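Morning, everyone. Please have the sequence and the model open, and follow along as I go.

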Amino acid sequence: MISPGAPERLTLSQARRIALRAQGLDRPRPARGTAPTMRQFQQVVDRLGVLQIDSVNVLARAHLMPTFSRIGAYDPALLDRASGQAPRRLVETWAHMASFVPPETYRLLGWRQRAYQKEAWGAISEVPLKHSPVVDEVRAIIAERGPVTARQVQEDFEAEHPTTREEWGWNWTVAKRVLEFLFFTGEVTSAGRNGAFERRYDLTSRVLPPDALAAPEPSDEDAIRALVEISARAHGIGTLRCLADYFRIKQDRVAPAVADLVEHGVLHEVTVDGWNQGPVWRHRDADLPRRATGAALLNPFDPLVFERRRVEALFGLRYRIEIYVPEPQRVWGYYVLPFLLGESLSALVDLKADRQAGVLRVHAAHRTPGPDTPVASHTADLVEPLAAELHELAGWLGLDEIAVGDRGGLLRGDLAADLAHAVRTA
């Protein structure tokens, strides 16, 4: 039980440092020299609990970047091995959107799989009504031939259900729709990805490690409480919205779990000056470092920033991904990464990996706005570590050059000119 009395009072600076320590971003990365190991990769997984997957590959795929941001230039084959070879350390499911999670966490999401009619969107939830005969056929194909891709399965249905290009957005074939239904409901999962980043679907019973399969099925309440604790540990500190968003659970289901965790002393209510989005809780194991001295580029799907209201409250930055915004209406650029320096999200950098030319292109570089966000006192104190981070990123991506400015040489953003100079002299 928590002790009686007034909640602990924290400043926004202290709350930021708690959040950064929980995410493993409060200190510099390990020194260069030896390549990061599977043990270091596993430590990132254990700390974060989830790696969101997104197909956008402008810079690097979403699930690859968070580990780079925390341990530097690791070999992405570590993630491929963790998710594609038995016994798997990571499996794919719907967690914070499509995500990699540890097998133990996968077993905590059965309530969502069973409630697909409420939890999934139309293209998934309507599959049993629209494509019932195909579901049985696809089950048989996977059982006999898995792992298989959606493209391979579609070959069996192309004559009766030909591929079309008539619908906007995700133009899924009938095979893809059925496979994604079976994936959402947990009957199948990914046995790994091929070179084209296509899922190789197989029966979940053949993918999950035996100990995860043998574990008893938790009740819905126990599962949600366990997920909320993972979220709280990964956040260090957060509101009900923060704790719910990590695994995209409705807040009315999270509230009883939070109350239970408070009753058992796992969470403690605190007061954070300036964070006015409802009650705030701190995990009992969350540390408050004296200083935050890390530096890292964070992709838009990094767990530190994917709950945008939290980012605005903690860091004073209104951050949105603008991929789907028409170019004339974009504020910061197409694929913009915040740059963390100390405890501040100090810059926004629009990046693209031009793999054909071997160039990391910095299309724009802006200092972040906001009077409440601490920033480097001198531009050089910001652009020099940012230039060093860009060189580290380019090396990890196998790119030989960094070019600041668009293809016509236009420098966009108030940091662009100074950053171009810092990149040349780094």
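Let's start with Met 65. Its relative accessibility is 1%, so Met 65 counts as buried. Buried means under 20% relative accessible area, exposed means over 50%, and partly exposed is in between, using a 1.4 Å probe and protein chains only. Now the ground rules. This is a predicted model: local features need pLDDT of at least 70, side-chain atom pairs count only at pLDDT 80 or more, and totals for chains, interfaces and linings use all residues. Residues are numbered from 1 along each chain as its sequence is written, and side-chain values use heavy atoms, with hydrogens and water left out.

Back to Met 65. This residue is found in helix H3. The labels are DSSP runs, numbered from the N terminus: helices are H or I with at least four residues, strands are E with at least two. What does Met 65 touch, not counting residues up to four places away in sequence? The list is Ala 60, Leu 297, Asn 299, Leu 337, Leu 393 and Trp 396. Touching here is contact, meaning heavy atoms within 4.5 Å.

Next, charges. Side chains of opposite charge can pair when their charged atoms come close. A salt bridge is a side-chain nitrogen of Lys or Arg within 4 Å of a carboxyl oxygen of Asp or Glu. How many salt bridges does a search of the whole structure find? The search gives 31.

Take Arg 17 and Glu 343. Their side chains meet in a salt bridge, 3.4 Å from N to O. Arg 17 lies in helix H1 (residues 12–23) and Glu 343 in the loop between strand E11 (336–341) and strand E12 (344–354), so the pair ties together parts 326 residues apart in sequence. Are these two buried or exposed? Both Arg 17 and Glu 343 are buried.

Arg 70 pairs with Asp 302, and the closest N and O atoms are 2.9 Å apart. Arg 70 is in helix H3 (residues 65–71), while Asp 302 is in the loop between strand E10 (295–297) and helix H18 (308–315), 232 residues apart. Arg 70 is buried at 6% relative accessible area. Asp 302 is buried too, at 0%.

Now a partly exposed pair. Glu 119 and Lys 250 form a salt bridge of 3.8 Å, N to O. Glu 119 sits in helix H7 (residues 116–119), and Lys 250 in the loop between helix H16 (240–245) and helix H17 (251–263), 131 residues apart. Glu 119 is partly exposed, with a relative accessible area of 21%. Lys 250 is partly exposed at 48%. Elsewhere, salt bridges that share partners join Glu 92, Lys 176, Glu 180, Arg 193 and Arg 199 into one network.

On to helix packing. H1 and H18 pack at an angle of about 130°, with axes 9 Å apart. Axes are lines fitted to C-alpha atoms, for helices over the stretch in contact, and angles run from 0 to 180 degrees between N-to-C directions. H1 and H18 are therefore oblique to each other. As for the cut-offs, under 35 degrees is roughly parallel, over 145 roughly antiparallel, 65 to 115 roughly perpendicular, and the rest oblique. From H1, the contact uses Leu 12, Ala 15, Arg 16, Ala 19 and Leu 20. From H18, Arg 310, Ala 313, Leu 314 and Phe 315 take part.

Now the sheet. Five strands form an open sheet in the order E10-E11-E12-E13-E14, with mixed pairing. Two strands pair if DSSP finds at least two bridges between them. The edge strands are E10 and E14 (401–404), each pairing on one side only. Strand E13 (residues 359–367) and E14 run parallel and are joined by four bridges. Helix H20 (residues 416–425) lies across E13 and E14, at about 160° to E14.

One more helix. In H12 (residues 174–184), ten of the eleven residues are buried, so H12 is largely enclosed by the rest of the structure.

Last, the backbone. Most residues other than glycine have a negative phi, and most peptide bonds are trans. The bond from Ala 86 to Pro 87 is cis, with omega near -10°. The bond from Gly 146 to Pro 147 is also cis, with omega near 5°. Met 97 is not a glycine, yet has a positive phi of about 60°. Arg 248 is not a glycine either, and its phi is positive, about 50°.
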